[in-house]
Amino acid sequence: MNQALSTSTASKADVTASYGDPVIEIRDVQKWFGSHHALKDISMTVRRGEKVVVCGPSGSGKSTLIRCINGLERHQGGTIEIEGVELVDRSLRGIRREVGMVFQSFNLFPHLTILENCMLAPMESRKLIRKEASERAMEYLSRVRIGEQAKKYPSQLSGGQQQRAAIARALCMEPHIMLFDEPTSALDPEMISEVLDTMTELAASGMTMVCVTHEMGFAERIADRVVFMDDGRIAEEGPPAELFRQPKTERLSSFLQRILTH
Amino acid sequence: MNFDADYFWNLLLSTRFLHPAWIVVWMVAVSMTIGIALGAIGGIIMTSAIGPLKHVIRGYVALIRGIPVLVQIIFWYNGVPALTGGAINPPPFVAGIIALAINEGAYMTEIVRSGITAVERGQREASQALSLSYYSTMRRVILPQAIRIAIPPTGNQVINMIKNTSLLFAIAIPEIFATGTNIFSVNFRYFEVIAVVAIWYIILANGYGLIQKAIERRFARGRGSLFGT
Ligand SMILES: Nc1ncnc2c1ncn2[C@@H]1O[C@H](COP(=O)(O)OP(=O)(O)OP(=O)(O)O)[C@@H](O)[C@H]1O
Ligand SMILES: [Mg+2]
């Protein structure tokens, strides 16, 4: 198991300190689904350019947490601030313009071509004209290396290509922050690496990223910080090297055992 | 056996049912268009956040679906003039279209509503995450997919309505069945006349079936595998 984690990230902690202003500030956030307390006193700060990987067992609240960050789930206690703006009804659409999201199940629009998928939001919510939107879409589609698939419909693409198209679609809004909710867990094994490569390039470009994933090799490569969630709480957090090699809690070490041996 | 083949063939190949068939076609076209418009409005309201209006639509659907179409036709043609002392007195074609369209609107409301709710939740979430407004989400993402889902059941509605136009004989609209009753009430050749009437409905219903196929093919865009194109 150490082989998968062997790429060195020794100096990550110093790097974190050099990141810019806080762009996501979560303070004492609570979320209930009926009587189920899904997020308990979550506090977390993400600085500009930082990459945070969120992991944890199924049902621990990972999706709920990142869905709260762009208001797909509304939190019920505490506050969430994105680039200094508190997330409330009124600020929702403005915040979503700056926060891109990639889903486990891609959620591409099946009735539109890949190109149209990428052009829709810039035209509707950023008021780009068609020509600008299509140029921008082609730029990002070639950046994720599916430029030649632009005229196809999502159903005509492989899973890996669809997910890269979904990443391009989010990037076309030119967001400041990108959220990923298990972007590779619906993919066949041979397609996982092409999506992770795209995400690694995005990370290298300086994007602020919050990513729910169980790809520990990827986490170790790109993450400044790993957040381990358990039962609605942040149970442990720190640089990946530290967290994966010296887990402090029994819950984290047994979680790592499970995902690295499966 | 008592079947007059010569009479049957003469009637079938005569032009007597051409005009009645045309009446059926345009009345269905007009009533269906209005019905679809009503259903679109009703279905969108039913899936929106507008609370009180939803109850109005729900009442409309429950009321209309509970009343036989024939009763609704007579209501608009005879009931409304009687109620208003003749102040509102729609001619037969108008009463017929109002009755069919309002009846259709109730069924189309259900079809549009279930089409909208059948669009995957992820589509709405992706739209929200891209900061699309409710209006953009409906117009560009949800409705195009809901329409595709609603097209086959809407086709069934058209075929039902083609057959339901036969009820308009009750308010003296010279459609296909009324024309048939006029013929057999004079010559008593019930079987031959009814057979010809039935054939005309079969032609119209299946003729529409071809149009329906073409519409479905057009809307299969992006769903190659599903429709086997
Ligand atoms: N819409 C909802 N309604 C009710 N309960 C929900 C809803 N969404 C999530 N939950 C519950 O909240 C808890 C946290 O769910 P969440 O999806 O955030 O977990 P997760 O960590 O992302 O799990 P997984 O790894 O399976 O995706 C779970 O117990 C889940 O059943
Ligand atoms: Mg999840």
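Q: What must DSSP find before two strands pair?
A: DSSP has to find bridges between the two strands. Strands are DSSP runs of E with at least two residues, helices are runs of H or I with at least four, and both are numbered from the N terminus. The model is predicted, so to speak of local features takes pLDDT of at least 70 and side-chain atom pairs need 80 or more, while totals for chains, interfaces and linings use all residues. Residues are numbered from 1 along each chain, chains are lettered from A and ligands numbered from 1 in written order, and side-chain values use heavy atoms, without hydrogens or water. For pairing, the number of bridges needed is at least two.

Q: In what order do the four strands of the open sheet in chain A stand?
A: The pairing in this chain A sheet is antiparallel. Strand 2 (36–47) and strand 5 (85–86) of chain A each have a single partner strand, so each has one side without a neighbour in the sheet. Reading across, the order is 2-1-4-5.

Q: Which residue is the bridge partner of Val29(A) in strand 2 of chain A?
A: Strand 1 (residues 22–33) and strand 2 of chain A run antiparallel and share eight bridges. Across to strand 2, Val29(A) is partnered with Ile42(A).

Q: Which residue in strand 7 of chain A is the bridge partner of Met101(A)?
A: Here the pairing is parallel: strand 6 and strand 7 (residues 177–181) of chain A are joined over four bridges. Strand 6 (residues 99–102) of chain A is covered on both faces, with Val99(A) and Met101(A) buried on one side and Gly100(A) and Val102(A) on the other. Buried means under 20% relative accessible area, exposed means over 50%, and partly exposed is in between (1.4 Å probe, protein chains only). The partner of Met101(A) is Leu179(A).

Q: Why is helix 2 of chain A largely enclosed by the rest of the structure, and how many of its eight residues are buried?
A: The buried ones are Lys62(A), Thr64(A), Leu65(A), Ile66(A), Arg67(A), Cys68(A) and Ile69(A). Just past this helix, Gly71(A) has a positive phi of about 75°. Helix 2 counts as largely enclosed because its buried residues number seven of the eight.

Q: How far apart in sequence are the parts that Arg48(A) and Asp21(A) tie together?
A: These two side chains meet in a salt bridge at 3.3 Å, N to O (a Lys or Arg side-chain nitrogen within 4 Å of an Asp or Glu carboxyl oxygen). Arg48(A) sits in the loop between strand 2 and strand 3 (51–55) of chain A and Asp21(A) in the loop between helix 1 (12–17) and strand 1, so the parts they tie are apart by 27 residues.

Q: Which loop of chain A holds Glu83(A), the residue that forms a salt bridge with Arg48(A)?
A: The closest N and O atoms of Glu83(A) and Arg48(A) are 3.2 Å apart. Glu83(A) is partly exposed at 26% relative accessible area, and Arg48(A) is partly exposed at 33%. The pair ties together parts 35 residues apart in sequence, because Arg48(A) lies in the loop between strand 2 and strand 3 while Glu83(A) lies in the loop between strand 4 and strand 5.

Q: Which strand of chain A holds Arg27(A), the salt-bridge partner of Glu81(A)?
A: Glu81(A) and Arg27(A) come within 3.7 Å at their closest N and O atoms. The pair ties parts that are 54 residues apart, because Glu81(A) is in strand 4 and Arg27(A) is in strand 1.

Q: How many salt bridges does the structure hold over all chains?
A: Some involve both chains: Lys31(A), Arg67(A), Glu73(A), Arg121(B) and Glu125(B) are linked in a salt-bridge network. Over all chains, the count is 25.
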